[in-house]
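Below is a short report on one protein chain. Please look at the fold before reading on.

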Amino acid sequence: MSKKKKPKKTNSQKVQKILEQEQPEKNNTLIFWGVLLAMSSIGLLIFVLSDKVFHLS
């Protein structure tokens, strides 16, 4: 007496439109500044740690 569920039919065009809407365009300038900030932060961290460990001054 158990009823089998019928698979739902999906329209491929609707799915594609939804996927396109969910993925916003990436801003290359924002990515560039984020990478630059990360590199400078890591460089500063290495400089401070090496100064503490090796006492450069």
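Phe 32 counts as partly exposed, at 48% relative accessibility. Here buried means under 20% relative accessible area, exposed over 50%, and partly exposed in between (1.4 Å probe, protein chains only). This is a predicted model: local features need pLDDT of at least 70, side-chain atom pairs count only at pLDDT 80 or more, and totals for chains, interfaces and linings use all residues. Residues are numbered from 1 along each chain as its sequence is written, and side-chain values use heavy atoms, with hydrogens and water left out.

Ile 31 is also partly exposed.

| Residue | Relative accessible area |
|---|---|
| Ile 31 | 44% |
| Phe 32 | 48% |

One aromatic pair turns up in a search of the whole structure. Phe 32 and Trp 33 form an edge-to-face pair, because their ring centres are 5.4 Å apart and their planes stand at 70 degrees. Rings of Phe, Tyr and Trp (its six-membered ring) pair if their centres lie within 6.5 Å; planes under 30 degrees apart are stacked, over 60 edge-to-face, the rest tilted.

Ile 31 sits in helix H2, residues 28-54. Helices (H or I, at least four residues) and strands (E, at least two) are DSSP runs, numbered from the N terminus. The protein has two helices and zero strands. H2 holds 27 residues and spans 38 Å from first C-alpha to last, close to the 39 Å expected. That expectation is 1.5 Å times one less than the number of residues. His 55 follows H2 and has a positive phi, near 50 degrees.

Of the 57 residues in the protein, 2% are buried.
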